[in-house]
Amino acid sequence: MENIKFKNGKLKIMHITDTHLEDDNIEMSVWLINEACKKEMPDIAIITGDNVHNDDIPEKTKAFIDKLMNVFEEKGIPTAVTFGNHDSERGAMTREELMAYYNTFSCSVSKDYKDLPDCATFNVPVMSEDGTEMKFNLWVIDSNDYDDEGHYGCVLPPQVEWYKNKSDEITKANGGRVYSLAFQHMIVEDVYRALKKCKKRKLYSFPHMYEKKDFYMFDPDFKNFGTLNETPCSGYHNYGQFSAMVEKGDVLGIFSGHDHTNAFAVKLDGIDIGNSLSTRYNDDRFSSQYGYRILEVKESDTSKYTSRVERWYNMFSFKDLNKIKKNGTEFDYKTAKSVTIKGISQRFMTKTGRVFCHLVTGRKNTYNH
Ligand SMILES: [Fe+2]
């Protein structure tokens, strides 16, 4: 795959995560991802783990990966993949074997550096439109699966060292800092520092992942975006990934998945710590709220970016549905109708919760993106 470049002065990134593809959801999820790609036509898709349920049979896991990756392959969309806690959980395929398989697709821009303990930590340079200089950077980081005590994983010390060295190398080669966005499965543990801690459970506060007696919610003293719907499930340990990124000053935001209903970001020490929705659909009301995130950077000022979250239930207007009914297959119409109709009650519940929280507590659980 040739270098990724800014196009018409812009870079459009699609963040896809937690597709959790398995027999029950693969057809509808992949159809929706395909529709989203046709609509958005991103310059790169970044897939951050818990992608495919690693079945007991490697050939089946590969067939699921084929279905997902063919969406991007057919459209020539460069695709970067990293892993979550579930990708290699059943062990039929190791992370190394999985990455080797993802890399058989010509749209793949993923790398497996053999001197790192994981198989899916790398960076994707983004070149200027004329291809002469590196204008932006994308960090794709494997936050691993579980630690030795069974807690969720995090970015390990050799990976932090790799980031620091690579960041210095890029800065030196380009005669100054190159701004970037980072993507990984597990949210950094530092997120809790940007949330408000309370000792008693309050409406729309969530227990800490490990210190269950502490509850967290949005802190109005920080810059907040989007909706916090559940506990951010970070790794138990913190080996300084976030503080290294603060020190280097080249990362604008770190976006994760893992927490399926969280679509938020908080700004801490100059970096947005964000979470994107699960990008699967299970043919039910609850998952109609899932979707994907689009991030855009302008070549004229790479120190900023914009972000929006797109939910399945907002994807099709009734006019779109009529068009699909006329021109699509029965399955196309069934899927589009399902997310739209089942999404009506989910959308109503989300909005009611938002208003209720504000009226009762005076606090906001949702901010503008
Ligand atoms: Fe996960």
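**A hairpin strand and a helix pair**

Hi everyone, let's start with a turn: β13 and β14 make a hairpin with 2 residues between them, and Asp 269 in that turn has a positive phi of about 50 degrees. Strands here are DSSP E runs of at least two residues, helices are H or I runs of at least four, and both are numbered from the N terminus.

A quick note on the model: it is predicted, with local features needing pLDDT of at least 70 and side-chain atom pairs counting only at pLDDT 80 or more, while totals for chains, interfaces and linings use all residues. Residues are numbered from 1 along each chain as its sequence is written.

Now, what flanks β14? Strand β13 (residues 263-268) runs antiparallel to β14, joined by 5 bridges, and β12 (residues 251-256) runs parallel to β14 through 4 bridges. Pairing takes at least two DSSP bridges between the strands. Ile 273 in β14 has Val 266 opposite, and also Ile 254.

Strand β14 (residues 271-275) is largely enclosed by the rest of the structure, because 5 of its 5 residues are buried. Buried means 20 or more other C-beta atoms within 10 Å of a residue's own, with C-beta atoms placed from the backbone. On one side sit Ile 271, Ile 273 and Asn 275, and on the other Asp 272 and Gly 274.

Over to the helices: the axes of α6 (residues 318-327) and α7 (residues 330-361) come within 8 Å and cross at roughly 160 degrees. So α6 is roughly antiparallel to α7, a label for angles over 145 degrees. Axes are lines fitted to C-alpha atoms over the stretch in contact, with angles from 0 to 180 degrees between N-to-C directions.

Methods: A residue is buried if 20 or more other C-beta atoms lie within 10 Å of its own, exposed if 12 or fewer, and partly exposed in between; C-beta atoms are placed from the backbone. Angles under 35 degrees count as roughly parallel, over 145 as roughly antiparallel, 65 to 115 as roughly perpendicular and the rest as oblique.
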